[in-house]
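Here is a short briefing to read alongside the model.

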Amino acid sequence: MATVAVSRSCNQLQPTISVRRRAWVLLIVASLVLGGCLSTRFIYNQIDWLMVWYISDVFSLEKEQKQELRKVVNRNLDWVRTQQLPEYAQLLRELEASASDGTLAVDQLQGQAETMLGLFDTVLRQMIPDMASFLGALSDQQVADFVAKSEVKNEELWEEYAGDTLEARQARRTKSAVKNIQRFTGKLDDQQKELIAGHMARMYDNSQEWMQGRRQWQADFQALVLERPPREELEQRLEEIVLNPNYTDTDTYRQQVEANTVVVFEMLVDLTTTLSDKQRDRMSERLLGFAEDFEALAQDEKLNQKMAEREAA
């Protein structure tokens, strides 16, 4: 999990976790990026209204729609908490063990990333009926609002991630990587930062292709929602574009994105061999702390009681 979070931040021009998954992995990303500024359990207890707020803003929802959305969000968060957080915790424990004893390898990180994406897809597949109900209830104006706001976000992302020179983008990627890694290891020395910069310089820069694919996906999504096909067809087509958001990619672009991911994993493996005892201890403490938080959340009696009450309502 930490692996994917760091990989995503290092590879922001071609995210290894696509935008369409963002709302439903917000807990995990927020927990790891905040790096302990707030407790994981506090974040989880607040995540429902954060997600409702985010989606409500994107689609300009009415009061009744927000209330229904909150029910859907809570139901799916309950499922993730009880069914998947223990699996995330196990992945973190495995990552910590390998990083601590010096056996961390690229193929392990690739396997863990695939496992995480599989967990994400399981949630998304379960949510397809809820998505269809939600999208089917949107007005044409709400869909238009979503499109307009998406394009504003596109422009912001382009300016932030791709609007500078190649050298500036490389420097920003390196700075982002160092910042996120230090959340787990503490301060890195100059040689460690140089190691990171060297790996980041090997990454392909695919700014144009990334933005083109993003815009194409948004256009296809808009067209599907406005077409308003029969419910069964809507669910089937939603599953196709939600579970395969990379269908717009060319073979070359996809190969380069996968190569970038390998670069990030190689960087992480190389970096672990340079950690001091203090850095290694801090990293272990952070990873195991998140694992313990996820395990505690999965068994939280108060949350389980609320879940039971919602199911009985």
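A residue is called exposed when its relative accessible area is over 50%, and buried when that value is under 20%. With that in hand, consider helix α8: the face turned away from its buried side carries the exposed residues D190, Q191 and E194. Please keep in mind that this is a predicted model.

**Overall picture**

- Of its 313 residues, 48% count as buried.

- Helix α7 covers residues 166–185, and its 20 residues should span 28 Å at 1.5 Å a residue; the end C-alpha atoms are 28 Å apart, which agrees.
- The buried residues of α7 include R169, R173, N180, I181 and F184.
- G186 follows α7 and has a positive phi, near 85°.
- At the start of α8, a side-chain oxygen of D189 comes to within 3.1 Å of the backbone nitrogen of Q191.
- Which residues of α8 (residues 190–200) are buried? They are Q192, I196, H199 and M200.
- Those buried residues fall within an arc of 105° when seen down the axis of α8, so they line one face of the helix.

**Nonpolar cores**

- In soluble globular proteins, nonpolar side chains tend to be buried together.
- The largest nonpolar core here has 37 residues, and the members touching the most others are L109, I181, I196, M200, M267, L268 and F294.
- Two or more residues of this core come from each of α4 (63–101), α5 (106–136), α7, α8, α11 (251–272) and α12 (277–298).
- Another core, of 30 residues, lies apart from it and has L61, V80, L124 and F134 among its members.

**Two buried polar residues**

- N76 sits in helix α4 and is buried, with a relative accessible area of 3%.
- The side chain of N76 makes a polar contact with the side chain of D130 at 3.2 Å.
- N76 and M127 are 51 residues apart along the chain, yet their C-alpha atoms are separated by 7.5 Å.
- S150 belongs to helix α6 (residues 140–162) and has a relative accessibility of 10%, so it counts as buried.
- The side chain of S150 reaches the backbone oxygen of F146 at 2.7 Å.
- Leaving aside neighbours within four places in sequence, S150 is in contact with R214 and Q218.

- Most residues other than glycine have a negative phi.
- S60 is not a glycine, but its phi is positive at about 55°.
- S60 lies in the loop between α3 (40–59) and α4 and counts as partly exposed, at 27% relative accessibility.
- R228, also not a glycine, has a positive phi of about 50°.
- R228 is in the loop between α9 (207–227) and α10 (231–243), where its relative accessibility of 36% makes it partly exposed.

Key:
Residues are numbered from 1 along each chain as its sequence is written. This is a predicted model: local features need pLDDT of at least 70, side-chain atom pairs count only at pLDDT 80 or more; totals for chains, interfaces and linings use all residues. Side-chain values use heavy atoms; hydrogens and water are left out. Buried means under 20% relative accessible area, exposed over 50%, partly exposed in between (1.4 Å probe, protein chains only). Helices (H or I, at least four residues) and strands (E, at least two) are DSSP runs, numbered from the N terminus. The expected span of a helix is 1.5 Å times one less than its number of residues. The arc is that of the directions from the helix axis to the C-beta atoms. A polar contact is a pair of N or O atoms within 3.5 Å; within protein, one must be able to donate a hydrogen and the other to accept it, and residues adjacent in sequence count only if both atoms are side-chain atoms. A nonpolar core is a set of buried Ala, Val, Leu, Ile, Met, Phe, Trp, Tyr and Cys residues joined through side-chain atoms within 4.5 Å. Contact means heavy atoms within 4.5 Å.
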